[in-house]
Amino acid sequence: MDAEILLFEGYDELDAIAPYETLRLAARHGGAIDARLVTLDATDLVEARSGLRVEPDGTLSDAPETLLVPGGGWNDPGDPGVRREYDRGAIPEAIAERFDSGTTVASVCTGSLLLAAAGVLEGRPAATHHTAHDDLRGMGVDVREDRFVDDGRVLTASGITSGFDLALHIVERECGEAVADGVCAELEYERAI
């Protein structure tokens, strides 16, 4: 499985880096999985919410098997982040195009609001950061307070550290329990679910 994690100015560091490391470790534990950090438009660096600067691996491909969207910045509309990308509309449009082409989409934290803007959460249960529950409900989404929600081709995770649980679930789903257990052991992480 190839996974692309879509970075944008103001994303939350752990929303993207926790799944990235988890997926990359799965490959080292024998899983047929690859993860790349990508952006919508070509750029040399992307600055995250707390100042981490990352050099992306490239731009979003036309048809990744899995596209993961981090959150960050929904509640700070004046700062770079999810709210700005939601208003701009380019990322939701790209998500919708990939989903319509068969890509599985996933989000961590308020990245779910970008999935909602793309129309992929319509009629589906979803998780998001607790501070965005009301906003996501206002978009007609069946908001769950679960650590993560797997609805087939759409997966969503709640708050920031839930990205570990979501990524480990993806690893187990794609590569099996033994690979997921190996990653947990290396991370010294005890899954919440």
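This is a short chat about how to read a few features of a predicted model.

Student: Let's start with the inside. Which residues touch the most other members of the largest nonpolar core?

Tutor: The general idea comes first: in soluble globular proteins, nonpolar side chains tend to be buried together. Here, the largest nonpolar core has 57 residues, and I95 and L166 touch the most other members. Helix α3, residues 90-100, gives the most to this core, with five residues.

Student: What is I95 in contact with, leaving aside its neighbours within four places in sequence?

Tutor: You'll find L67, V69, V105, L114, L115 and A118 in contact with I95.

Student: And how do I read the helix around it? Which residues of α3 are buried?

Tutor: Keep one rule in mind: an α-helix has 3.6 residues a turn, so residues three or four places apart point the same way. In α3, the buried ones are I91, P92, A94, I95, A96, R98 and F99. They pack against β1 (2-7), β6 (66-69), α2 (82-88), β7, α4 (111-117) and β11 (154-157). After α3 comes G102, with a positive phi near 110 degrees.

Student: You mentioned β7. Is S107, in that strand, buried or exposed?

Tutor: S107 sits in β7, residues 104-108. Its relative accessibility is 0%, so S107 counts as buried, since the cut-off is under 20%. The S107 side chain reaches the backbone nitrogen of S112 at 3.4 Å. Not counting residues up to four places away in sequence, S107 touches V69, S112, L115, L155, T156, A157 and L166.

Student: Now two helices together. At what angle do α6 and α7 pack?

Tutor: About 145 degrees, with the axes of α6 (residues 162-175) and α7 (residues 177-187) 7 Å apart. From α6, the residues F164, L168, V171, E172 and C175 meet E177, V179, A180, V183, C184 and L187 of α7. By class, that contact has nine nonpolar, two charged and no polar residues.

Student: Last one: how many aromatic pairs does the structure hold?

Tutor: A pair of aromatic rings is described by the distance of the centres and the angle of the planes. This structure holds three such pairs. One of them joins F8 and Y11: the centres are 6.4 Å apart and the planes are at 75 degrees, which is edge-to-face.

Student: How buried are these two: what is the relative accessibility of F8, and what is the relative accessible area of Y11?

Tutor: F8 is at 5%, so F8 counts as buried. Y11 is buried as well, with a relative accessible area of 0%.

Technical notes
Residues are numbered from 1 along each chain as its sequence is written. This is a predicted model: local features need pLDDT of at least 70, side-chain atom pairs count only at pLDDT 80 or more; totals for chains, interfaces and linings use all residues. Side-chain values use heavy atoms; hydrogens and water are left out. Axes are lines fitted to C-alpha atoms, for helices over the stretch in contact, and angles run from 0 to 180 degrees between N-to-C directions. Helices (H or I, at least four residues) and strands (E, at least two) are DSSP runs, numbered from the N terminus. Contact means heavy atoms within 4.5 Å. Ala, Val, Leu, Ile, Met, Phe, Trp, Tyr, Cys and Pro count as nonpolar, Asp, Glu, Lys and Arg as charged, and the others, Gly among them, as polar. A nonpolar core is a set of buried Ala, Val, Leu, Ile, Met, Phe, Trp, Tyr and Cys residues joined through side-chain atoms within 4.5 Å. Buried means under 20% relative accessible area, exposed over 50%, partly exposed in between (1.4 Å probe, protein chains only). A polar contact is a pair of N or O atoms within 3.5 Å; within protein, one must be able to donate a hydrogen and the other to accept it, and residues adjacent in sequence count only if both atoms are side-chain atoms. Rings of Phe, Tyr and Trp (its six-membered ring) pair if their centres lie within 6.5 Å; planes under 30 degrees apart count as stacked, over 60 as edge-to-face and the rest as tilted.
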